[in-house]
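I opened this structure to look up its pockets, its helices and its charged pairs. These are my notes, in the order I took them.

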Amino acid sequence: MIITKTPLRISFTGGGTDLPDYYLKNGGAVVSAGINKYIYIAVNPKFDNMIRVSYSKTEIVDEIKELHHDLVREALKLIGIKGGIEITSIADIPSGTGLGSSSTFTVGLLNALYTYIGYRPSANELAEMACKIEIDILKHPIGKQDQYAAAYGGMNYFTFNKDDSVKRKRIFLDDRNARMMRQKLMMFYTGITRNADDVLKEQKSNTSSKIDTLDFMKRQADHMYEELSSNGFNDTFAEMLHEGWKHKQKLASSISNNEISDYYEKAVNAGAKGGKLLGAGGGGFLLFYCDEDFQPAVEESIGLRRVDFHVSLNGSRVVFFS
């Protein structure tokens, strides 16, 4: 049996500039971090030659082409495994909540399957193969940031280049700044799940008319990387979250709604200095920067479940091999 552990991610700024419609012409940039919420993939030989896949439902099929789970189907085809295998997934956080679960699943699955056939891929290889499956083969209208965040872990500044290459710069915070980040960032579950593809399809169709907004978000990612690298984690981070969220809402009408706006306004009125909705939009988790003295008031004002987290230093890795 092989088990992989792959982090979900939070994206601080630049989301949307990792979509090919934008970065192939203008170049994109994102600052994001893997967090200590994970998807686990277990792979085990199956006694017969069938394929068993267990996720929110269970599929048992004779041939790969019969699988409904498109990510599993294409990963098996890509690697060349034809049968005699069981695949099980377990997640700390529900899918469709803005933490990059689809790409995290794909990266973790590829890591497990490659290990199963005796090959240990690099983080870059995992991210590239996940992008190939999700974007090139399945034509999902998504960007590249989630695959790289899941494969590498830690906090990073990713640039998406016009030649379709991706460059990663690790962001290192000293103990004091890392502790401040852990203490001041608050994450709340809205209880709203959604299909990110629906939001991203609208955003994709709007790309040509939103170049100025996307340019701002790319510049902000550059600025955030420079600020964190030079001055550490401080109130400027909160200001950038707030400004970035205001701009992101311009990309598509489905990114926010009255309910999310109400939560955000209540949190800011209670003392949060800035924040954003994580992921493509429409639901999932809200992230806020808030000084400790005001955190009880923020929690009370919005009445949502708070989920504690911190940055995970590791990307996708094999945690059990037998």
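**Entry 1: the largest pocket**

I began with the largest pocket and found 43 residues in its lining, with Ser95, Gly96, Ser101, Ser102 and Ser103 nearest its centre. I am working on a predicted model, where local features need pLDDT of at least 70, side-chain atom pairs count only at pLDDT 80 or more, and totals for chains, interfaces and linings use all residues. Residues are numbered from 1 along each chain as its sequence is written, and side-chain values use heavy atoms, with hydrogens and water left out.

I noted what the search calls a pocket: on a 1 Å grid over the protein atoms alone, an open set of points with protein on both sides within 12 Å along at least five of seven lines. A cavity is a set of points where a 1.4 Å probe fits but cannot get out, and lining residues have an atom within 4 Å of a point.

The largest pocket holds about 950 Å³ of space. A volume here is the space filled by probe spheres set on the grid points, which are joined across faces, edges and corners.

Which elements each supply at least two residues of this lining? I listed strand E1 (2-13), helix H2 (70-79), strand E5 (85-91), H3, helix H5 (145-152) and helix H7 (196-206). Helices (H or I, at least four residues) and strands (E, at least two) are DSSP runs, numbered from the N terminus.

By class I counted 14 nonpolar, 20 polar and 9 charged residues in the lining of the largest pocket. Ala, Val, Leu, Ile, Met, Phe, Trp, Tyr, Cys and Pro count as nonpolar, Asp, Glu, Lys and Arg as charged, and the others, Gly among them, as polar.

**Entry 2: helix H3**

I then followed H3, which runs over residues 101-116 and has 16 residues. From first C-alpha to last it reaches 22 Å, close to the 22 Å expected at 1.5 Å a residue. The expected span is 1.5 Å times one less than the number of residues.

Is H3 largely enclosed or open? Of its 16 residues, 14 are buried, so the rest of the structure largely encloses H3. Buried means under 20% relative accessible area, exposed over 50%, and partly exposed in between (1.4 Å probe, protein chains only). Just after H3, glycine 118 takes a positive phi of about 90°.

**Entry 3: the second largest pocket**

This pocket has about 310 Å³ of space. I found 15 lining residues, and Leu173, Ala178, Met181, Val311 and Leu313 lie nearest the centre. Helix H6 (residues 175-184) gives the largest share of the lining, 4 residues. The lining splits into 10 nonpolar, 2 polar and 3 charged residues.

**Entry 4: the cavity**

How many cavities of 30 Å³ or more are there? The whole-structure search gave me 1. The volume of the largest cavity is about 60 Å³. Its lining includes Phe12, Met217, Trp245 and Lys276. E1, helix H8 (211-231) and H9 each supply at least two lining residues. H9 gives the largest share, 5 residues. The classes are 5 nonpolar, 5 polar and 2 charged.

**Entry 5: salt bridges**

Side chains of opposite charge can pair when their charged atoms come close. A salt bridge is a side-chain nitrogen of Lys or Arg within 4 Å of a carboxyl oxygen of Asp or Glu. I got 15 salt bridges by this rule.

I looked up lysine 246 and glutamate 243, whose closest N and O atoms are 3.1 Å apart. Both lie in helix H9 (residues 235-248), 3 residues apart, about one turn of the helix. Lysine 246 is partly exposed at 41% relative accessibility, and glutamate 243 is partly exposed at 30%.

Next came lysine 65 and glutamate 63, which meet at 3.7 Å, N to O. Lysine 65 is exposed at 66%, while glutamate 63 is partly exposed at 40%.

Aspartate 308 and arginine 306 form a salt bridge at 3.5 Å between their closest N and O atoms. Salt bridges with shared partners also join Lys184, Asp235, Lys273, Asp291 and Glu292 into one network.

**Entry 6: cysteines**

My last search was for disulfides, meaning pairs of cysteine sulfur atoms within 2.5 Å. The whole structure has 0. Cysteine 131 is buried at 5% relative accessible area, and cysteine 290 is buried at 0%.
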